Structure formats: C-alpha cells, structure tokens
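Visitor: Could you walk me through this protein chain, one question at a time?

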Amino acid sequence: MSPPTLFSLPEARMRFMNSTRDALKNKTIKPLLTAFSQVPGSENEKKLTLDQAFRVALEEEIINKASCENVLAIISLVINGVIEGICTASTPFVLLGDVLDCLPLDQCDRIFTFVEKNVTTWKSNTFYSAGKNYLLRMCNDLLRRLSKSQNTVFCGRIQLFLARLFPLSEKSGLNLQSQFNLENITVFNTSEQDSTLGQKHAEEREEGMEVEEGEMGDDEAPTSCSIPIDYNLYRKFWSLQDYFRNPVQCYEKVSWKIFLKVLCLLYFLSILGVYKYVLLLKFQAKQLLLF
C-alpha cells in the first residue's frame, strides 16, 4: 500500500493559478472544482492556497491596468467558490478591499455599483458574519477618500448601502451608552429686537415715516406677505433643539412639562394653519364664482 501524497504548496499554488486562468477564460468554475478535488491535502490547506491564488490573479490584473469587468469577473468567481465551499468566506471582501485601495475614485464608483447590486448576497448566512466588518471598514475608507462637497452622491450611496446591509439592532449604529453631543448648541435670538425679524420691522417703520401717505417710489410696488411670521412660534420651535441635544433633561419634571407644552402648541398650530388655509382657498373659490 502506497503512502498518501503530502500537500505541496508550490505545486498546489501553480495548479490553482492555471485553473483560475482557465475559469476566467471560460467563465465557469468547473476547472477550479476539478483542481480542488484532485490536489492532495486537507480542505483548509487547499482553501488558503486557492485564496492566495485569487489574490495573485487580482494583483496581475491591477498591475496590467485591466478593465473593471475583468476585476469583477475574478470577484464573481470567488463568490461562486465560497458558495461551492472551495474558498474562505472572507476572501471576496478582502479582494474588494484590495481593489478599492488601488483604483482611482472614478473606477471605485463602478466597483461599488457591483457591491450595491450584491447586497442580498452579503446579507445571506454564508457571507454576513464573515464580511460585515470588512464591508464596514471598506465603506469608511471610501468615505475618507471622498469629498463631502464634490462627491455628495457617492457618499450618499455608501450611507444607503450600509443602512440596507445592517439591521436596526446592529451595535455599531446604536448609542448603547447614551452619549450625546452636548457641544452641539443651536444658537437663536431669544428676543425679537435682536432678531432679523425685529430689525426688519424697525426698518419698515422708519421707511414708512419717511414716505408720505399716497406716495410711492418709482421702482416700488405694493407687496403682501402671504405667510405671517410669529416670533413666539420661532422661539419655541428652536427651543426644542436643546431637548434633542440633551434628552436626559426630559427626566426632570419641569423640563418635561415645558417640552410637552411646546410640542402641543406646535401640533395645534400646524393643524390650525392647515385648516385656515383650506378655508381661505374655499372662500376665494366662492368669490371667483360670484364674479
């Protein structure tokens, strides 16, 4: 009886490299499945060797400045390999990270489109546990490279992808320790005289004193304000930001009563405003019918 053949890393790597090229050329995973079953050694040894072969193949494509289609073909082949059980579940995410680190932003946009389309695959049981941290790190690295003013759409796509990928119970998106940014203070005028609204009213009163009754400037025309501005409503609305900045103060009895009072006031004002607007439209429609 002949002894079992031992695992040889150089031979296995060469065999997997050739099988990877054949698989990419024929666009099928069958050459890799055949090579994986024929190479001697444990399953873990063969998986790690095949993972390395994929990284070498990807490196060659990047050095040769291949198109994004060729790069995505390798990653798609790795995904199929994970599903077939011949690759490690984290390999597709490692390759995606390598690609996004090496390519310029315009090509990263195309690669990320592939990532977005496969969000259902990443959320499956086969990939989610192994790849969620890789995807989060990859997206954060991309956001650091992007400009929030010039690449607004791309940044929004990354945020939406993360929202679709992670559940609401994900710890990385929860404030488990109830820490709040107390330095985020919303500044607004607490008195009407200091506000731009109060200054505008004062200027209007001064201008009204200068122009006699019945007179009008050449370029001026009578204007009517369709939306009345109330300073008290303005002040109470923006005072709510302090409770959103530090919600803990709602546990105090006095602060909680003030918070509820302001909320109820804004709620009834919004309903009353809509109701008055509807009545005004109906009244105007009746006036038009009379004429």
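Predicted model: local features only at pLDDT ≥ 70, side-chain atom pairs only at ≥ 80, totals over all residues.

Guide: Residues are numbered from 1 along each chain as its sequence is written, and side-chain values use heavy atoms, with hydrogens and water left out.

Visitor: How many helices and strands does the chain have?
Guide: Helices (H or I, at least four residues) and strands (E, at least two) are DSSP runs, numbered from the N terminus. Reading from that end, the elements go α-α-α-α-α-α-α-α-α-α-α-α. The tally is twelve helices and zero strands.

Visitor: What percentage of the residues in the chain is buried?
Guide: Buried means under 20% relative accessible area, exposed over 50%, and partly exposed in between (1.4 Å probe, protein chains only). The chain has 291 residues, and the buried share of them is 27%.

Visitor: What share of the contacts with a separation of 6 or more joins residues 24 or more positions apart?
Guide: A contact means heavy atoms within 4.5 Å. Among contacts in the chain with a separation of 6 or more, the share from residues 24 or more positions apart is 67%.

Visitor: Let's look at helix α5. How far apart are its end C-alpha atoms?
Guide: The expected span of a helix is 1.5 Å times one less than its number of residues. Helix α5 (residues 91-102) has twelve residues, so it should span 16 Å. The model agrees with that, as the end C-alpha atoms are 17 Å apart.

Visitor: Which helices do the buried residues of α5 pack against?
Guide: The buried residues of α5 include Phe-93, Leu-95, Leu-96, Val-99 and Leu-100. Thr-91, Pro-92 and Gly-97 are buried too. Their packing partners are α3 (43-63), α4 (68-84), α6 (105-117), α7 (119-122) and α8 (128-145).

Visitor: And α4, what does its buried side pack against?
Guide: α4 has 17 residues and reaches 24 Å from its first C-alpha to its last, close to the 24 Å expected. Among its buried residues are Cys-68, Val-71, Leu-72, Ile-74 and Leu-77. The buried residues of α4 pack against α1, α2, α3, α5, α6 and α7.

Visitor: Which helix supplies the largest share of the lining of the second largest pocket?
Guide: On a 1 Å grid over the protein atoms alone, a cavity is a set of points where a 1.4 Å probe fits but cannot get out, while a pocket is an open set with protein on both sides within 12 Å along at least five of seven lines; lining residues have an atom within 4 Å of a point. Of the 17 lining residues here, Ala-23, Leu-24, Ala-73, Ile-74 and Leu-77 lie nearest the centre. α1 (9-26), α3 and α4 each supply at least two residues. The largest share, six residues, comes from α4.

Visitor: Is Lys-27 buried or exposed?
Guide: Lys-27 lies in the loop between α1 and α2 (30-38). Its phi is near 55 degrees, a positive value in a residue other than glycine. Its relative accessibility is 77%, so Lys-27 counts as exposed.

Visitor: What about Lys-65, buried or exposed?
Guide: You'll find Lys-65 in the loop between α3 and α4. Lys-65 is not a glycine, yet it has a positive phi of about 55 degrees. With 76% relative accessibility, Lys-65 counts as exposed.

Visitor: How many disulfides are there?
Guide: A disulfide is a pair of cysteine sulfur atoms within 2.5 Å. By this rule the count is zero.

Visitor: Last one: how far apart in space are Leu-265 and Leu-233?
Guide: Leu-265 sits in helix α12 (residues 253-290) and is partly exposed, with a relative accessible area of 30%. In sequence, Leu-265 and Leu-233 are 32 residues apart. In space, C-alpha to C-alpha, they are 8.8 Å apart.
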